[in-house]
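Let's walk through this one in questions and answers. Have the viewer open as you read.

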There are 2 protein chains.
Amino acid sequence: MKEHRAAGLEQVNPLLTDLYQLTMLQAYYSSGMEETAVFEFFVRKLPAGRRFLLAAGLEQLLAYLQELQFTETELQWLRDSGRFSDACLERLADWRFSGDVAAMPEGSVFFANEPILRVTAPLPEAQLIEPIAINLLHFQTLIASKAARFRLAAPDGLLVDFGLRRAHTPDAGLLAARAAVIGGFDGTATVAAGAAFDAALYGTMAHSYIQAWGDEYAAFAHFARVHPDNAVLLIDTYDTLAATDKVVRLAHELQQEGIAIRAVRIDSGDLDNLSRQVRAKLDAGGCQAIRVLVSGGLDEHEIAGYVAAGAPIDGYGVGTQLDCSADHPYLDCAYKLQEYAGRPCRKRSTGKATWPGRKQVYRNLTDSGLFDDDVLALESESQAGKALLQPVMRQGQRLHDSETTEAIQQRVGDGLARLPASLRHLQADTDASGYEVRISEELRALAESVDREAD
Amino acid sequence: MKEHRAAGLEQVNPLLTDLYQLTMLQAYYSSGMEETAVFEFFVRKLPAGRRFLLAAGLEQLLAYLQELQFTETELQWLRDSGRFSDACLERLADWRFSGDVAAMPEGSVFFANEPILRVTAPLPEAQLIEPIAINLLHFQTLIASKAARFRLAAPDGLLVDFGLRRAHTPDAGLLAARAAVIGGFDGTATVAAGAAFDAALYGTMAHSYIQAWGDEYAAFAHFARVHPDNAVLLIDTYDTLAATDKVVRLAHELQQEGIAIRAVRIDSGDLDNLSRQVRAKLDAGGCQAIRVLVSGGLDEHEIAGYVAAGAPIDGYGVGTQLDCSADHPYLDCAYKLQEYAGRPCRKRSTGKATWPGRKQVYRNLTDSGLFDDDVLALESESQAGKALLQPVMRQGQRLHDSETTEAIQQRVGDGLARLPASLRHLQADTDASGYEVRISEELRALAESVDREAD
């Protein structure tokens with residue numbers, strides 16, 4: 001359907017950048033500041049209650065880097081704005097990303113202060129991409145990391161993304177669906193995510209469907225006959241238990257036609273209590289095979305509660321809490337200059353100091369294969385452990401085909417399995433200590449020397 | 001640049017919908033359920049601390065309704081999925097929105113349970129658009145309403161949207177910029193919002209710019225000479241007060257070249273204290289005309305605090321807290337079937353009951369022109385007050401040209417001026433009562449009769 005099918009997004013408008021990126025570019029061009037810059041993207045601090053993150057969004061970022069250019073339409077608009085010199089506009093007309101990129105593969109577990117992206121490119125190239133590089137990595141990392149919490153809450157439950165309507169724009173719904181599946185969801189209701197990413201699709205019916213029929217039994221019966229393989233019936237429009245009786249009656253009627261109702265969905269009320277009553281009625285009616293799904297503003301804590309209580313719930317539709325990461329809708333992240341023209345840089349702003357230089361992250365495992373600790377080191381050092389940042393783009397060209405969702409999901413599964421148990425808690429108030437990210441001796445020494453030179 | 005220039009978004013992929021919309025459509029088509037449906041979009045409950053909302057997103061929704069159709073690419077994908085009958089796919093190939101739409105104009109102040117959109121169309125048309133109708137109205141309403149809180153916090157301050165990088169996808173950054181300006185911001189750093197919506201653009205420089213130079217004075221001097229009309233210098237990369245001294249020195253040097261530095265920006269540290277010290281240094285150095293801007297994770301409460309404390313801050317760059325509506329990243333909203341084939345519908349699910357029928361919202365003013373109360377009534381009633389839902393689309397065609405941002409801003413200004421003072425508080429814990437939305441006698445009677453029939 002498109003060249004970068006896995007990316008899913010239409011080409012991003014090159015004017016989707018900050019004004020200051022373009023004004024800085026004019027200053028760089030006019031002063032010949034086009035030597036190699038190294039920028040890294042990292043999360044400064046995890047939100048309260050989050051103990052790990054999952055890297056995501058690289059696929060869309062690489063597609064953006066390969067495709068980004070200014071067409072005459074945008075150049076004309078910039079020209080008409082009167083803000084830019086002809087010399088600058090000529091350079092923008094030729095702008096292409098020709099740099100190198102190293103990154104943690106999507107689905108990698110990572111922690112605060114660890115770069116998941118390192119861009120090495122002429123300064124005007126590495127600079128311009130800042131807002132969209134942050135934007136694309138931030139959002140899917142946020143949502144994939146949130147999705148993993150739902151998976152930890154319900155290891156065996158069916159988890160389906162229902163969040164398109166509450167996502168922040170249609171594109172956010174699409175990428176949230178991708179990130180949800182990366183983070184451990186079984187699928188999504190968003191059809192475009194099926195087309196773009198081969199995400200498994202799930203759907204039920206809306207209250208409006210039942211209401212338009214008026215007669216709930218007739219509504220159920222017609223839907224099941226039209227979709228004999230996929231009938232999931234919504235039972236809370238009027239009276240959940242009365243609707244369950246209708247489902248039992250219908251199931252027997254349909255059995256003679258060879259049609260099996262797959263599941264019922266409860267979207268409101270006391271889901272623990274209702275799921276038990278519905279399950280009991282279904283079982284008593286000989287409908288042991290019909291599964292019970294629930295939805296309605298669910299977060300991972302509620303789901304963990306149902307699982308702990310042993311509520312007979314087979315699956316969960318999750319919308320707002322996932323697609324908006326509603327408890328923490330952003331990460332404190334940054335894309336920072338670490339080196340320019342061979343000179344390491346360090347930001348020292350209060351509360352926002354960074355580690356200088358081109359860095360690598362090394363991960364050590366315990367004897368039993370769990371994550372033991374990470375070391376934040378200079379790229380030039382040799383350190384024990386696995387190097388997590390891998391080359392993914394050289395001179396503006398991708399080095400590998402797009403990863404399949406399955407490959408990314410496997411990486412997530414492996415990572416979560418190797419996560420120390422203390423990092424798998426959902427609650428913010430448990431006193432488990434965080435994961436250790438050590439700073440190498442050489443990196444500390446470099447930071448001190450950068451500070452000394454600046455003073 | 002495009003037919004619906006004010007819309008800003010590229011055409012939305014028709015597969016950006018929930019799977020159940022398409023499966024319901026197949027059930028509707030196969031049973032001939034294509035009579036007129038009326039759906040309304042409303043917010044069920046305002047988030048804690050929010051006392052009013054501003055309607056936004058209608059422009060993008062109307063463009064979506066006019067443009068939405070399935071191309072052969074999408075139809076082929078649906079065909080290949082094996083989920084849909086040929087008869088259903090034929091109908092989807094011809095799908096166009098041919099309905100009527102009434103809405104509150106963008107920028108209208110509204111309250112819980114008041115529809116801001118009423119769609120009247122054959123059921124399969126009104127149904128399919130559900131997720132994107134919610135998505136587009138929800139997001140900009142959320143952000144415009146948040147933006148208004150910043151404006152209430154700083155009535156006279158310059159407010160600029162810096163949020164592209166933390167918005168949930170690039171499109172969210174674009175539409176957040178639009179919503180910010182609707183809600184009272186002076187402008188945005190997002191260039192595409194200037195091109196798409198004529199939003200005023202503002203920009204400064206990044207820490208990376210200063211760091212790449214290494215020499216802060218040289219970095220300032222070069223930038224001001226390259227952008228003599230728009231030099232806003234970032235002064236917190238190393239030492240804010242030392243940088244201020246450099247700005248004063250540079251201002252005198254540049255004065256001889258006819259260049260005036262417009263402002264400085266402080267992005268970290270104790271902004272109240274720093275702004276006073278920076279202001280004092282600038283004034284002592286004869287730079288009274290240089291303005292002081294601040295940024296760095298600001299929310300409306302912090303800004304209200306600086307204003308109350310009399311900090312000498314002229315403007316605020318706001319990112320994450322605005323573009324993610326970080327304290328409340330979603331609204332509890334719905335798009336609900338209110339009538340089908342002339343029969344009023346009412347959802348009675350626990351905690352989610354709705355008012356049935358085609359409705360209108362009437363607003364009454366006090367003698368001094370403030371909002372007094374609203375009445376939620378049936379469209380067929382005659383009620384005192386101004387009717388807030390106005391026809392905007394008939395038989396799938398827009399009735400009016402796109403509104404200018406200025407017209408929408410004027411409506412917001414008028415609305416905020418008429419808002420009772422008790423509704424303008426930013427704090428969640430003040431005990432001001434909410435605004436009264438009365439339910440008309442006829443609407444209550446209709447709800448009761450719908451309930452009786454369902455029992």
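Q: Over how many bridges do strand E1 and strand E5 of chain B pair, and in which sense?
A: First, the ground rules: this is a predicted model, where local features need pLDDT of at least 70, side-chain atom pairs count only at pLDDT 80 or more, and totals for chains, interfaces and linings use all residues. Residues are numbered from 1 along each chain as written, chains are lettered from A and ligands numbered from 1 in the order written, and side-chain values use heavy atoms, without hydrogens and water. Strands here are DSSP runs of at least two residues, helices (H or I) of at least four, numbered from the N terminus, and two strands pair if DSSP finds at least two bridges between them. E1 (residues 36-45) and E5 (residues 117-122) of chain B pair in the antiparallel sense, over six bridges.

Q: Which strands stand at the edges of the seven-strand sheet in chain B?
A: The open sheet runs E13-E12-E1-E5-E3-E17-E18 in chain B, with antiparallel pairing. The edge strands each have a single partner, so one side of each is left without a neighbour in the sheet. They are E13 (343-344) and E18 (397-398) of chain B.

Q: At about what angle does helix H6 of chain B run to E12(B)?
A: H6 (residues 130-153) lies across E1, E5 and E12 (332-340) of chain B. Axes are lines fitted to C-alpha atoms, for helices over the stretch in contact (heavy atoms within 4.5 Å), and angles run from 0 to 180 degrees between N-to-C directions. For H6 and E12 of chain B, that gives about 135 degrees.

Q: How much area do chain A and chain B bury between them?
A: Contact involves 100 residues of chain A and 100 residues of chain B. Buried area is the accessible area (1.4 Å probe) that two parts lose on being put together, summed over both. Of that, 62% is on carbon and sulfur atoms, and the total is about 8,200 Å².

Q: Which residue does A:Asp18 meet in a salt bridge?
A: A salt bridge is a side-chain nitrogen of Lys or Arg within 4 Å of a carboxyl oxygen of Asp or Glu. The rule finds six across the interface of chain A and chain B. For A:Asp18, at 2.8 Å (N to O), the partner is B:Arg165.

Q: How many residues apart are A:Glu114 and A:Arg363?
A: Their side chains meet in a salt bridge at 3.8 Å, N to O. A:Glu114 is in the loop between E4 (109-110) and E5 (117-122) of chain A, while A:Arg363 is in strand E14 (residues 359-365) of chain A. This pair links distant parts of the chain, 249 residues apart.
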